[in-house]
Amino acid sequence: MRVGKVQKLPSIHSRYNYEGLGSSNGLVCVKIENGINPHPILIWNPVTRDIREVRPRTIVHSDLIAEVGLEFYRTHIDPRELDDLYGFGFSPLDNDYKIVRINEYNHYHIKAVEVYSLNCGSWKHIDVVDDLRGISTSATYITINGVMFWDFTWCDDEDLILPIDLLKKEVCEFIPLPRIYGGFRRTSLIEYENKLAVVACVEENDGSSLIHLWVWEEDTCLSEDEDEERGGWTKIYPSSPSTWGTLNPVTIWINEIVLLPFDEIENDGR
């Protein structure tokens with residue numbers, strides 16, 4: 001095994017703080033915290049040290065401005081109630097890297113979704129109408145076969161998955177999480193055999209933990225009118241009880257599920 005030297009961002013950006021937004025096929029997407037809003041975004045190849053700067057649109061909250069008016073936006077909207085979440089992934093169908101920006105207002109209303117194409121060098125707005133009201137999106141996502149799946153909560157109650165098709169540049173129908181019974185649980189979206197999957201760690205009353213692996217299978221049943229096909233969850237792995245306590249599922253490495261003790265994640269500040 002060859003261990004290479006850890007690369008740093010080019011010196012022009014090294015004096016600023018930056019946030020990693022994601023990585024794909026060796027490319028790294030970062031947001032530069034340089035005091036400029038919207039923040040510059042870089043797509044960086046640490047091997048070749050090539051870097052490409054992506055500039056978000058000047059008015060990043062256009063949907064909210066259209067709803068409340070520019071004057072109200074300037075005088076009444078608290079910037080702390082606005083939040084932008086970014087995802088970075090690859091779309092194999094058009095051989096293109098994409099950046100997704102999700103704009104939330106007051107933490108529970110997605111006001112705008114935009115997709116940036118590295119090949120085209122431009123952003124495209126996705127119409128979300130009122131379907132995404134009441135949604136609180138986490139920064140957790142995974143990209144599989146050109147679809148970016150986001151973990152989110154509906155009205156503080158129901159946990160769902162929001163798929164965004166990077167090729168068609170559209171928000172798809174919500175996917176409910178599998179029904180997992182038990183006590184306190186932690187879940188992670190992962191890729192398993194090129195499919196969307198969920199790993200869940202469920203803490204039992206006796207302090208032990210059970211690990212479940214669910215895979216989303218497309219077209220496993222028909223809707224009521226039998227014209228539109230949809231998918232469903234299949235449980236493919238239930239573990240025996242573990243005495244490690246609360247575990248946090250991370251990913252699948254080769255053929256093993258990787259988990260970390262919950263206490264370690266808390267101590268690491270994540």
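A salt bridge is a side-chain nitrogen of Lys or Arg within 4 Å of a carboxyl oxygen of Asp or Glu. The side chains of Lys98 and Asp94 meet that criterion at 3.1 Å, N to O. This is a predicted model, where local features need pLDDT of at least 70, side-chain atom pairs count only at pLDDT 80 or more, and totals for chains, interfaces and linings use all residues. Residues are numbered from 1 along each chain as its sequence is written, and side-chain values use heavy atoms, with hydrogens and water left out.

**Salt bridges**

- A search of the whole structure finds four salt bridges.
- Lys98 is buried at 0% relative accessibility, while Asp94 is partly exposed at 27%. Buried means under 20% relative accessible area, exposed over 50%, and partly exposed in between (1.4 Å probe, protein chains only).
- Arg101 and Glu114 form another salt bridge, at 3.1 Å, N to O. Arg101 lies in strand β6 (residues 96-105) and Glu114 in strand β7 (residues 109-117), so the pair ties together parts 13 residues apart in sequence. Both Arg101 and Glu114 are buried.
- Lys195 and Glu217 meet at 2.8 Å, N to O.
- Lys195 is partly exposed at 32%, and Glu217 is partly exposed at 22%.

**Four-stranded sheet**

- An open sheet of four strands runs in the order β1-β2-β3-β4, with antiparallel pairing. Strands are DSSP runs (E, at least two residues), numbered from the N terminus. Two strands pair if DSSP finds at least two bridges between them.
- β1 (17-24) and β4 (51-54) stand at the edges with a single partner strand each, so one side of each has no neighbour in the sheet.
- The twist averages 25 degrees from one strand to the next. Axes are lines fitted to C-alpha atoms, and angles run from 0 to 180 degrees between N-to-C directions.
- β2 (residues 27-33) and β3 (residues 41-44) pair over four bridges.

**Lys31**

- Lys31 lies in strand β2, and its bridge partner in β3 is Ile41.
- Lys31 is buried, with a relative accessible area of 10%.
- Beyond its neighbours within four places in sequence, Lys31 has contacts (heavy atoms within 4.5 Å) that include Asn17, Tyr18, His39 and Tyr86.

**Ile254**

- Ile254 is in the loop between β18 and β19.
- Ile254 is exposed, with a relative accessible area of 72%.
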